[in-house]
Structure formats: C-alpha cells, structure tokens
Amino acid sequence: MLQPDPPALVSLDKASVARFRRQVTTYGVPLSKTAVGEFSACPARWSFKTVEHQSTGPAGPGLLLGRACHQVVADVINSDRDAGTEARVSAALENEGVAPHMLPSAIDWVLWAVELTRQRHGCVVAVEQMVRSGPVAGVTLSGRFDLVISNGSLAPLELLDWGFGRHPKFNRAEEMVADVGTSIYRTLLAVSQPSLPDRVVITDVHVPGRQALSVELTKEEVFRAWQDIQGVRDGIRAVAELGRVEARPGRQCEWCPYQWRCPHSPTAAGAA
C-alpha cells in the first residue's frame with residue numbers, strides 16, 4: 001500500500017515565533033472566521049501573514065470592489081434616507097475608487113442591500129462593528145459584524161453578513177451550519193449583546209446573486225463547532241511552540257503571495 005507523502009514543513013522566523021508565543025501565552029490564540037478558514041486551508045500561508053507579518057501585496061480588484069461596497073452600504077444605513085438615492089450612491093462609490101465600468105453593478109448591489117435592510121424593519125444596533133472576546137478556553141475570538149438588527153421581521157436578533165464576491169460562500173443551509181465561522185459569529189453576538197434573546201438568526205447574503213441564506217444554530221451545533229475551533233487552536237499552539245508549519249497545497253496556491261517561501265512551488269527559497 002502506498003504511504004502518503006509526509007507534510008512539507010517550513011521554518012518560521014525565530015524572533016517572530018518568540019513574539020507570537022508570548023502573545024498566545026498572555027492573551028490566548030487569536031481566531032476569527034477568516035483566520036480559521038485560512039489556517040485550515042494552509043497553515044503556512046496563515047503563519048507568514050499572522051506570525052511573521054509578511055505583506056500580502058496589493059489587494060486585487062475584486063477585494064477592493066467588495067470593500068467599497070461594504071463601506072457605502074454602511075454609510076447609507078447610518079445616514080439619512082436621501083443618502084440612498086442612486087446619484088448619492090454613485091458618487092460615494094466613485095469616491096471609494098470603484099472603476100467606471102463596475103459602477104452600474106456596484107450601484108445596483110448597494111441599493112439592493114439597503115432595501116433588504118429596510119425590509120427587515122426592526123432596529124439597527126450595529127453596522128461594521130468590530131467585536132472581540134476575552135480569552136475563552138485559550139482562544140480570543142474577534143470578528144466584524146456587517147449589520148445587526150434587533151426585533152426585525154425575521155427574528156428578535158439577526159446578523160447579516162454581506163458578500164460581494166463572484167460566488168456565494170454557501171449554497172445550502174447545511175453548509176452554513178457546518179461552517180465554524182457561523183458559530184464564531186453566534187458566540188461573538190453573546191459578547192456584544194449581553195441580553196441575548198433565545199432566537200438568533202445569522203444570514204449570509206450574496207448580494208450580486210440576490211441570495212439570503214439564514215440559519216439558527218442549536219446549542220449542540222455550537223458545541224460541535226467549538227470542538228473544531230479547539231482543533232485549530234491546538235494547531236496554532238504547535239506553530240508557536242515548534243516554529244515550523246505545514247505548507248498545504250490547494251486552490252489558494254493560485255493567488256498566494258508567498259509562493260517564494262513554499263516548498264510546493266518551484267520558486268521556493270525557504271523550504272525546510
């Protein structure tokens with residue numbers, strides 16, 4: 001029987017590892033929805049960015065467009081109703097640097113997201129809010145809430161997560177429930193809303209596709225997700241202790257800015 005190839009390991013900068021080890025010992029392992037996904041996909045890529053603070057290079061046009069749409073949606077929701085007119089939205093997107101050929105689509109997306117917010121009724125209690133927990137089981141969680149509505153038409157408390165990418169993050173509710181990031185959002189809601197209602201809905205919104213997928217997590221589902229979170233925590237602790245990390249090939253290799261460090265790349269210069 002063929003044996004699987006051993007993992008390809010990369011050695012990290014010793015001073016960076018020592019600094020990160022002190023951080024983990026004092027504050028716990030820093031985790032967010034994004035960090036869990038990045039570490040699970042490729043621990044080395046996550047470590048180059050988070051432990052060594054290597055630059056990821058300039059953001060691509062898709063990421064810049066998403067950031068601009070996020071910002072304008074937040075600005076419109078936080079301002080008066082006149083800010084949601086097509087002319088005002090267009091001017092705001094141009095000010096955020098959206099290219100002229102993308103303006104018609106971006107305007108449409110922003111107006112639809114704002115209208116969806118209004119259709120939820122209720123009270124907007126958070127827009128683009130950064131939330132961080134204290135150390136819990138050796139983990140410090142953090143995340144950004146795009147939008148939180150209380151006493152809306154869907155639930156006593158709903159978190160909406162805008163997505164402006166080409167494809168939706170989830171196609172089925174089961175995928176969203178199984179994603180650790182959903183449970184991280186659910187946990188952080190308890191940090192930001194001490195009087196958390198029994199019913200909490202988390203909605204992933206793929207704005208270009210007009211898709212809104214909503215789920216409610218049971219206590220059992222949150223508990224199972226915490227087991228996955230602790231698995232990532234233990235993997236990151238090993239990085240802090242050993243200073244060596246696995247480079248795991250996958251789809252992310254196509255746009256990875258650290259190929260020069262990766263043993264799977266022919267241009268690698270720092271493979272262990």
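Strand 6 (200-206) and strand 7 (residues 211-215) pair in the antiparallel sense over five bridges. Strands (E, at least two residues) and helices (H or I, at least four) are DSSP runs numbered from the N terminus, and two strands pair if DSSP finds at least two bridges between them. The model is predicted: local features need pLDDT of at least 70 and side-chain atom pairs count only at pLDDT 80 or more, while totals for chains, interfaces and linings use all residues. Residues are numbered from 1 along each chain as its sequence is written, and side-chain values use heavy atoms, with hydrogens and water left out.

The two strands form a hairpin with four residues between them. In the turn, R210 has a positive phi of about 55°. Strand 6 also pairs with strand 5 (residues 157-163), here in the parallel sense.

| Strand pair | Sense and bridges | A residue and its partner |
|---|---|---|
| Strand 6 and strand 7 | antiparallel, five bridges | V205 with A212 |

Seven of the seven residues of strand 6 are buried, so the strand is largely enclosed by the rest of the structure. Buried means under 20% relative accessible area, exposed over 50% and partly exposed in between, with a 1.4 Å probe and protein chains only. V200, I202, D204 and H206 cover one side of the strand, and V201, T203 and V205 the other.

The structure holds one cavity of 30 Å³ or more, and about 30 Å³ of space lies in the largest cavity. A cavity is a set of points on a 1 Å grid over the protein atoms alone where a 1.4 Å probe fits but cannot get out; lining residues have an atom within 4 Å of a point. The volume is the space filled by probe spheres set on the points, which are joined across faces, edges and corners.

The lining consists of K33, D161, F170, M176, T182, Y185, I202, T203 and D204. Helix 8 (180-192) and strand 6 are the elements that give two or more residues to it, and strand 6 has the largest share, with three residues.

Elsewhere, T140 lies in strand 4 (residues 139-150). T140 is buried, with a relative accessible area of 11%. Its side chain reaches the backbone oxygen of Y27 at 2.3 Å. Contacts of T140 (heavy atoms within 4.5 Å), not counting residues up to four places away in sequence, include Y27, G28, V29, P30 and L31, as well as R132, S133, G134 and P135.

Terms used:
Polar contact = N/O pair within 3.5 Å; in protein donor to acceptor, adjacent residues only side chain to side chain. 1 Å grid on protein atoms, 1.4 Å probe; cavity = no way out; pocket = protein on both sides within 12 Å on 5 of 7 lines; lining within 4 Å.
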